[in-house]
Amino acid sequence: MSTRFWEATAGRAFAGRLATGSDLVEEIERYCAEQGITAAQVTVVGAVRRACYAYYEQHDRRYRELESREHHEIAGFVGNVSLRDDRPFLHAHATFADAAGATVGGHLLRGTEVFAAEVMIRELGGVSLVRLHDEETGLTLW
Amino acid sequence: MSTRFWEATAGRAFAGRLATGSDLVEEIERYCAEQGITAAQVTVVGAVRRACYAYYEQHDRRYRELESREHHEIAGFVGNVSLRDDRPFLHAHATFADAAGATVGGHLLRGTEVFAAEVMIRELGGVSLVRLHDEETGLTLW
Amino acid sequence: MSTRFWEATAGRAFAGRLATGSDLVEEIERYCAEQGITAAQVTVVGAVRRACYAYYEQHDRRYRELESREHHEIAGFVGNVSLRDDRPFLHAHATFADAAGATVGGHLLRGTEVFAAEVMIRELGGVSLVRLHDEETGLTLW
């Protein structure tokens, strides 16, 4: 697929914190569903009790799932919200740092458990970002 | 504490660069205090002469401080501004990369010395993000 | 140079995805040039087929170029757009994660090849961020 861009309007802005013990991905998606947020940028400053993330095997076209049960600081985070199967879907990548400062990272998965998470959501208005299967990559992209 | 979100209005936006040799955390907080910025998102593209960061021991409820006197690129950064003890407080996590590209990261501390830092601050209006002691985590959260 | 900040207005917002096989830096710059975007914040969620990045030798005042031909997830990304030689210039730093979750990072270079990249651009209006040679660091800064 070729490069495509959509111009959006500035939507609503939200700041929040997630409950300790909640699922980082599900809790953000739940809040977006509740508020009707279907396109947004998301950032998180926080720490987790368990990190679940993945690497996409570009040739084999499948995610290799990774997990670390150690406690980690979230040392980097980029995320967006779009629609997948008619529901708000969080696509985020993160870097996690351990007690020695060593880092691992990848595509953020469900199962990542919040210790503390300060979340900011910047909605994009006037656009419809809908995830569909992409032949070229095997991914579900907008 | 349960998940809580606040809706904000779009506030002011600022772009700046920090003086070489300044303290990354203090310089951003100083500017926010000067401008009366009490809630914001902050991102930084830059490099440091010394990286000071920390890992929060979730069981022991104390920060383990880490430091690297090497020069580093800032390879990831997520940050927010809120009020702590009535002053703008920067809560940021960062990833630092060394000459071989190897990365470390964690909770950004005072003492991190700027080589070059391009900073963008997006204020959130209409919200009051005040840090208070949180029993469950031992942290000071909004 | 001392710390300097400019206040900006909220500009346009764009969400897009880049063609598989395109150059991550060039494709974003090309779109900014096409749209007349000269000051902006940029974030990317995605993966690359090849990562090209650099570490700035602060004493020697030159970039040491690094490259990894492995496929990587982009696990952290901070970026801004400003004017350099009258053209939109992307200054971004990124963290890349491999199949084991291991991360490397630095100053993003041309040559980084997109596998999939979801890009969000938040324009800053009313400011002119122009890159000029900075004596103190040897860098081209705004």
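Chain A and chain C bury about 3500 Å² between them, and carbon and sulfur atoms account for 58% of this area. Buried area is the accessible area (1.4 Å probe) that two parts lose on being put together, summed over both. The model is predicted, with local features needing pLDDT of at least 70 and side-chain atom pairs pLDDT 80 or more, while totals for chains, interfaces and linings use all residues. Residues are numbered from 1 along each chain as its sequence is written, chains are lettered from A, and side-chain values use heavy atoms, without hydrogens and water.

**Exercise 1. Describe how chain A contributes to its contact with chain C.**

Step 1. Count the residues, where contact means heavy atoms within 4.5 Å. Chain A gives 44 residues and chain C gives 40 residues.

Step 2. Find the residues of chain A that lose the most area to chain C. These are Phe5(A), Tyr55(A) and Gln58(A), which together make up 23% of what that side buries.

**Exercise 2. Identify the polar interactions between chain A and chain C, and the elements and residue classes on the chain A side.**

Step 1. Apply the salt-bridge rule: a side-chain nitrogen of Lys or Arg within 4 Å of a carboxyl oxygen of Asp or Glu. The count between chain A and chain C is 2 salt bridges. Arg131(A) and Glu118(C) form a salt bridge through their side chains, at 2.7 Å from N to O.

Step 2. Count the polar contacts. A polar contact is a pair of N or O atoms within 3.5 Å; within protein, one must be able to donate a hydrogen and the other to accept it, and residues adjacent in sequence count only if both atoms are side-chain atoms. Across this interface there are 22 residue pairs in polar contact, both residues being at pLDDT 80 or more.

Step 3. List the elements; strands (E, at least two residues) are DSSP runs, numbered from the N terminus. Among the elements of chain A that give two or more residues to this side are E1, strand E2 (40-57) and strand E7 (113-125).

Step 4. Sort the residues of this side of chain A: 20 are nonpolar, 16 polar and 8 charged. Here Ala, Val, Leu, Ile, Met, Phe, Trp, Tyr, Cys and Pro count as nonpolar, Asp, Glu, Lys and Arg as charged, and the others, Gly among them, as polar.

**Exercise 3. Trace the strand pairing of E1(A) with strand E1 of chain C.**

Step 1. Two strands pair if DSSP finds at least two bridges between them. E1(A) and strand E1 (residues 4-18) of chain C are joined by 5 bridges in the antiparallel sense.

Step 2. Turn to chain B. Strand E1 (residues 4-18) of chain A is also antiparallel to E1(B), with 5 bridges. Phe14(A) has Glu7(B) as its bridge partner.

**Exercise 4. Determine which rotation superposes chain A on chain C.**

Step 1. Copies are superposed by least squares on the C-alpha atoms of residues with pLDDT of at least 70 in both. A rotation of 120 degrees, with 0.0 Å of shift along its axis, places chain A on chain C at an RMSD of 0.0 Å.

Step 2. Name the relation: it is that of a three-fold axis.

Step 3. Find the C-alpha of chain A nearest the axis. It belongs to Gly76(A) and is 2.8 Å from the axis.

Step 4. Compare the surfaces. The copies meet through different surfaces, because only 11% of the interface residues of chain A are also interface residues in chain C.

Methods:
Helices (H or I, at least four residues) and strands (E, at least two) are DSSP runs, numbered from the N terminus.
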